[in-house]
Amino acid sequence: MTQLQITAFGAPSVLKLNPSQDRIPAEGEVRVRICYAGVNPIDAKTRAGLGWAAAQNKDNLPWTPGYDMAGVVDKVGPGVTSLKEGEPVCGMVGFPLAAGAYAESIVVSESELVKLDGVSLKQGAALPLAGLTAWQGLFEHGDLKRGQRVLILAGAGGVGHLAVQFASAYGAEVVVTASQDNHGFLHGIGADFMVDYHDVDWVAQVGQVDLVLDLTGGESGKAALACVKPGGRLVTVPTITAQLIKDAGAELGVEVSGMLVHPDNKQLAQMLILLRQGDVHITLAGEYTLAEGALAHQAIEAGHTRGKLVLRMPAAEQYPA
């Protein structure tokens, strides 16, 4: 088998293809032949040596990134009861420190996987981390209520475009920041009001909201504090600038919470139902082979991705997308 690894922290060129052993699953484990792996901003940040995952793995290089994957169960270990060979599955795997989805094969606990039924492998690989981040940011940390007004920063990205759809389906009024080119796209998936973040007065255009889901961090996250109405809150996702925004929120009397996504198969199953029913759609911005992983990282670091990026493995040719 082949895997794409971070060989040193740095530019996308540090990603190298290396051979990997095809492990035999132990008690409670299954081996999955991966067809698609999701590419997320955390992958690129870790590769660059930024954030908690890089700090924890600095002595473990080379290291195989990737938390999102979908594929077909290839072999089950002793004691596995919920999955059978040949079944399509997806999951957020190896989180937070093991990762490993940038590979043709992976062995994980059966508890990390959810069966795919009526959802394609490509969509299944694109969903887990981004979907769970959006879901948990809105409902666990943000406590979003029906009828409330929510501002989503970077609404057209992988997490953002799912958050827009979840909030809209839940009955919230959805405001987003995005470039002008993405306004039509966002209106089509449920956004009620779009603001161009290039405009110097975008904060004033937004007005007051009950919740801000900050997917950008930094100065944009700080500026969005002015949009939070009394009693509202801001949830910031990028860990690198979370403390900066918490400090700024404390000065203004605005409740700010950082978050770190966590695996939750019940939530993932709920989101798969929404996909299967057609209530939510994942937009795929690009598809790359495993060997083209550096190009995928360049694309996600450019910051203008609409939707999700995925890596395609050779096994994808044997199964429908």
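In this predicted model, 5 aromatic pairs are found, a pair being two rings of Phe, Tyr or Trp (its six-membered ring) with centres within 6.5 Å; planes under 30 degrees apart count as stacked, over 60 as edge-to-face and the rest as tilted. One of these pairs joins W52 and F95, whose ring centres are 5.8 Å apart and whose planes meet at 80°, so the arrangement is edge-to-face. W52 belongs to helix α2 (residues 51-57), whereas F95 lies in the loop between β5 (88-92) and β6 (105-109), so the contact ties together parts that are 43 residues apart in sequence. Helices (H or I, at least four residues) and strands (E, at least two) are DSSP runs, numbered from the N terminus. W52 is partly exposed, with a relative accessible area of 22%, while F95 is buried at 16%; buried denotes under 20% relative accessible area, exposed over 50%, and partly exposed the range in between (1.4 Å probe, protein chains only).

Residues are numbered from 1 along each chain as its sequence is written. Because the model is predicted, local features need pLDDT of at least 70 and side-chain atom pairs count only at pLDDT 80 or more, whereas totals for chains, interfaces and linings use all residues, and side-chain values use heavy atoms, with hydrogens and water left out.

W135 and F139 form an edge-to-face pair, with 5.3 Å from centre to centre and 70° between the planes. The two residues are 4 residues apart in helix α4 (residues 128-141), a separation of about one helical turn. An α-helix has 3.6 residues a turn, so residues three or four places apart point the same way. W135 counts as buried, at 16% relative accessibility. Together with F166 and Y170, W135 and F139 form one aromatic cluster. R146 lies over the face of Y170, at 4.7 Å from the ring centre; the criterion is that NZ of Lys or CZ of Arg is within 6 Å of the ring centre and within 35 degrees of the ring normal.

Helix α4 has 11 of its 14 residues buried, so it is largely enclosed by the rest of the structure. Among the buried residues of α4 are P128, L132, W135 and L138. The helix is followed by D143, which has a positive phi near 50°.

A search of the whole structure finds 0 disulfides, defined as pairs of cysteine sulfur atoms within 2.5 Å. C90 is in no disulfide, and the nearest cysteine sulfur, that of C35, is 12 Å away. C90 is buried at 0% relative accessibility, and C227 is likewise buried at 0%.

Strand β3 (residues 29-39) is mostly covered, with 11 of its 11 residues buried. Pairing of two strands requires that DSSP finds at least two bridges between them. β3 pairs with β6 in the antiparallel sense over 5 bridges, and V30 stands opposite V108 in β6. An antiparallel pairing over 8 bridges links β3 to strand β4 (residues 68-76), where A70 stands opposite Y36. β3 also pairs with strand β15 (residues 308-312) in the antiparallel sense over 4 bridges; in β15, R312 is the bridge partner of Y36.

Elsewhere, 6 strands form an open sheet in the order β10-β9-β8-β11-β12-β13, with parallel pairing. β10 (193-195) and β13 (255-258) are the edge strands, each pairing on one side only. The twist averages 20° from one strand to the next; the axes are lines fitted to C-alpha atoms, for helices over the stretch in contact, and angles run from 0 to 180 degrees between N-to-C directions. Within this sheet, strands β8 (residues 149-153) and β11 (residues 209-214) run parallel and are joined by 3 bridges, and V150 has L211 in β11 as its bridge partner.

The protein chain has 11 helices and 15 strands. Its radius of gyration is 19 Å, close to the 20 Å that the globule rule gives for 321 residues, so the chain is as compact as a globular protein of that length. The radius is taken over C-alpha atoms, and the globule rule is 2.2 Å times the number of residues to the power 0.38. Along the principal axes, the C-alpha atoms fill a box of roughly 55 × 40 × 35 Å. Of the 321 residues in the protein chain, 55% are buried.
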